[in-house]
Amino acid sequence: QVQLVESGGGLVQPGGSLRLSCAASGIIFSRYVMAWYRQAPGKQRELVASITSRDSTNYADSVKGRFTISRDNTKNTVYLQMNSLNVEDTAVYYCKANYYSVYWGRGTQVTVSS
């Protein structure tokens, strides 16, 4: 049974930081492209960042220079370090695993507000 469990979300003030984690089980984690998506109220889900099995990364323009995606294959976990957060980053953040199959986590809420 495949599980992706996100954690680390919460309420943060503008300019603050959060670190999201996504722990995977039931897959050969090292083979998967891992990604973070987000969905704000009334908007479509969008790609935030991705990392390949060879640690090649890709970022949405809106988060470049502020967010960093990384993975630890020994812990089957992918991370999203989010710095300089602003209110536009408020969304539910989802973890996605993609290889021959695609799996999603249930999401973690990030709220940026003063």
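Is Glu46 buried, exposed or partly exposed, and what is its relative accessible area? Glu46 is partly exposed, with a value of 35%. Keep in mind that what you're looking at is a predicted model.

## Glu46 and its partner

Let's start with the contact that Glu46 makes. Its side chain forms a salt bridge with Arg38, and the closest N and O atoms sit 2.7 Å apart. Arg38 has a relative accessibility of 6%, so this residue counts as buried, because the cut-off for buried is under 20%.

## Arg38 meets Asp89

Arg38 also has a salt bridge with Asp89, with 2.9 Å between the closest N and O atoms. Arg38 belongs to strand S4 (residues 33-39), while Asp89 lies in the loop between strand S8 (77-82) and strand S9 (91-98), so this pair ties together parts that are 51 residues apart in sequence.

Both Asp89 and Arg38 are buried.

## Arg66 joins in

Asp89 pairs with Arg66 too: their side chains meet in a salt bridge, at 2.8 Å from N to O. Here again, distant parts of the chain are linked, since Arg66 lies in the loop between strand S6 (57-59) and strand S7 (67-72), 23 residues away from Asp89 in the loop between S8 and S9. Arg66 counts as buried as well, at 15% relative accessibility.

## Putting it together

Methods: Residues numbered from 1 in each chain as written. Predicted model: local features only at pLDDT ≥ 70, side-chain atom pairs only at ≥ 80, totals over all residues. Heavy atoms only, no water. Salt bridge = Lys/Arg side-chain N within 4 Å of Asp/Glu carboxyl O. Buried < 20%, exposed > 50% of the residue type's maximum accessible area, 1.4 Å probe, protein only. Helix = DSSP H or I, 4+ residues; strand = E, 2+ residues; numbered from the N terminus.
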